[in-house]
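Subject: Structure handover

Hello,

Here is the structure I said I would pass on. My notes on it follow below.

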Amino acid sequence: MLIAADKFKGSLTAVQVAERVTAGLRRVVPDLDVTAMPVADGGDGTVDAAVAAGFERREIRVAGPLGDEVTAAFAVRGDTAVVEMAEASGLQRLPKGVFAPLTSSTYGSGELLRAALDAGARTIVFGVGGSATTDGGAGMLSALGARFLDAEGEPVPPGGGALTDLASADLTGLDPRLTSVDLILASDVDNPLTGPKGAPAVYGPQKGAAPDDVDALDAALGHYAKVLEEAIGAKAAEYAAAPGAGAAGGIGYGALLLGARFRPGIDVMLDVLGFAAALEGATLVITGEGSLDEQTLHGKAPAGVAAAARAEGKEVVAVCGRLALPPQSLGHAGIRRAYPLTALEPDVVKCIAEAGPILERVAENIARDFLV
């Protein structure tokens, strides 16, 4: 039995999901052999998933999205590091109810990458998602040695809004260690930097951006890409249109400028976590996340787990808080059956508050249906 589920956002971490499912299964089959492999798709929870798989957790003080210091973690095993931008620059780092779409910065994410380099990493998995920022990665690049100046030769202030005043960009001071590192941009979105499907238009409203803010950010990021094109040539424009450039408020664009290669986050994490080896001895795989919906089918963790398991002929079921996919869609994704908490407790508020105990009961049902 292999449990490879993501978090139930707002209720349970991926580690807790695995613990609760294991407890429920063993109530029905006490001697059941269970392998727990919490997974993530590059967004928040990615470092925790790596630590659960045996990576060492490291913590440092970095700049949060508003410039205040926060304690952020990354994970290291050998010469591989897992860095999660949300640890430094995520929405979770903002005070409750506070949004700063125009001024929040990814500077702390650059400090995390620098810490990974200091730790001796030769491969860095850079998981991006859940960001509070829409600065195109300018803050991150600044932390790594880039300079972004206005017409007076002064550094532009933090945040995407200030990029309107950008007059020149200089990337020659970037940390030279970056040229010898395999930097992998791990994300579940493939949006370009700007335009109708770009970072400001698609994800800006989630970060508190009003329609006028979205327009201002889109124009600012477009100008930013143009100035970078003047500084480093046509590849800056190519990167802006590339899949993944718009990930996490455009930090994907900054990562591409650093030479990163873009891969779906869940595929990267399954490789890093050693999923293939764990899958070999499994007869049944349980995956899941808080909401199984249309987004799940587009690069989210359960879809990636199911695709990898199906390729090896393994049967897959899913647990979730709520289910918004018909059986046909589940089948196409390689999931034989889904078990939502709402099937046992229709009250959604109660499901969120009591997710753990309800999930254990769900796991008991899975055991009865598939293991007895």
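The expected span of a helix is 1.5 Å times one less than its number of residues. Please keep in mind that this is a predicted model.

Helix 7 covers residues 211–232, and its 22 residues should span 32 Å at 1.5 Å a residue; the end C-alpha atoms are 32 Å apart, so the two values agree. Its buried residues are Asp-213, Val-214, Leu-217, Ala-220, Leu-221, Tyr-224, Ala-225, Val-227 and Leu-228. Seen down the helix axis, these fall within an arc of 165°, so they line one face of helix 7. The face turned away from that buried side carries the exposed residues Pro-211, Asp-212, Asp-215 and Glu-230. Among the elements that cover the buried residues are helix 5 (138–143), strand 8 (168–170) and helix 9 (247–257). Just after helix 7, Gly-233 takes a positive phi of about 100°.

Strand 3 (residues 56–63) and strand 4 (residues 69–77) run antiparallel and are joined by 8 bridges. Within this pairing, Glu-56 stands opposite Val-76 of strand 4.

The last item is Ser-187, in strand 9 (residues 182–187). Its relative accessibility is 2%, so Ser-187 counts as buried, the cut-off being under 20%. The side chain of Ser-187 reaches the backbone nitrogen of Val-189 at 3.1 Å. Beyond its neighbours within four places in sequence, Ser-187 is in contact with residues including Asp-41, Val-128, Ala-247 and Phe-262.

Regards

Note on methods:
Residues are numbered from 1 along each chain as its sequence is written. This is a predicted model: local features need pLDDT of at least 70, side-chain atom pairs count only at pLDDT 80 or more; totals for chains, interfaces and linings use all residues. Side-chain values use heavy atoms; hydrogens and water are left out. Two strands pair if DSSP finds at least two bridges between them. Helices (H or I, at least four residues) and strands (E, at least two) are DSSP runs, numbered from the N terminus. Buried means under 20% relative accessible area, exposed over 50%, partly exposed in between (1.4 Å probe, protein chains only). The arc is that of the directions from the helix axis to the C-beta atoms. Contact means heavy atoms within 4.5 Å. A polar contact is a pair of N or O atoms within 3.5 Å; within protein, one must be able to donate a hydrogen and the other to accept it, and residues adjacent in sequence count only if both atoms are side-chain atoms.
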